Amino acid sequence: MEIQIIDNTDLVLIHPESHQDFRGSLSEHFRKDLLEKKLGYSVSDFCQENEVHSKKGVLRGLHYQIPPHAQSKLISVVHGSIYDVVVDMRKWSENFGQVFGFFLSDDHDSILFIPRGFAHGFLTLSDQSLVFYKMDQYYHPSSEQSIAWDDSQLNIRWPMSIDSIIVSQRDRSNIDFSKAPSFDDPKAI
């Protein structure tokens, strides 16, 4: 298993090693001990897992939860392909407000670890996608925040025509990045 930290952000791409034989294959997708060793800090245990089915062009996000219910997420694509986007919401970070995008698919076998303090969303690129994500805090509606997927300040370059993107009514009303609560205290998350 290769663990790759992205640009001093604490965002991590995990590249599992696949072991194949005549029966099929086996790969280890997550090891808390190896992730903590690479990051240099303790990672909370996952307590909730969501499964998301989407058709081509569906965009979900950009969502996050504020303290005390901020969430780390582990994103896996089981079927299809997505463009996964995270935005650094940590005021103390040198990457505050920066957008990071990742192409994830069932072919590439990469898993994305997103620590607390980032907003997250994704766009389905294949005809269908099946995405699993684990969180280290339960969903808490009163702590949820959402940023506009088409915020001009963030200028996210979605790899699909804007006219083809399907967004829920709820995500159409997400607020601009400049109005969104950020993470001010590293000890709070």
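The model is predicted. Ser105 is buried, whereas Asp109 is partly exposed. Asp171 is buried and has no salt bridge.

**Asp109**
- Asp109 sits in the loop that joins strand E9 (99-105) and strand E10 (111-114).
- Its relative accessibility is 25%, so Asp109 counts as partly exposed, given that buried means under 20% and exposed over 50%.
- Leaving aside residues up to four places away in sequence, Asp109 touches Ile14, His15, Pro16, Ser27 and His29.
- Between Asp109 and Gly40 the C-alpha to C-alpha distance is 24 Å, with 69 residues separating them in sequence.

**Ser105**
- Ser105 belongs to strand E9.
- The relative accessible area of Ser105 is 8%, which means that Ser105 is buried.
- A polar atom of the Ser105 side chain lies 3.2 Å from the backbone nitrogen of Asp107.

**Asp171**
- Asp171 is part of helix H2 (residues 169-172).
- For Asp171, the nearest side chain of opposite charge is Arg170, 4.8 Å away; a salt bridge would need the charged atoms within 4 Å.
- The Asp171 side chain does make a polar contact, at 2.7 Å, with the side chain of His63.
- His63 is also among the residues that Asp171 touches, together with Leu59, Arg60, Gly61 and Trp149, when residues up to four places away in sequence are not counted.

How values were computed. Residues numbered from 1 in each chain as written. Predicted model: local features only at pLDDT ≥ 70, side-chain atom pairs only at ≥ 80, totals over all residues. Heavy atoms only, no water. Helix = DSSP H or I, 4+ residues; strand = E, 2+ residues; numbered from the N terminus. Buried < 20%, exposed > 50% of the residue type's maximum accessible area, 1.4 Å probe, protein only. Contact = heavy atoms within 4.5 Å. Polar contact = N/O pair within 3.5 Å; in protein donor to acceptor, adjacent residues only side chain to side chain. Lys, Arg positive; Asp, Glu negative; His and termini not counted.
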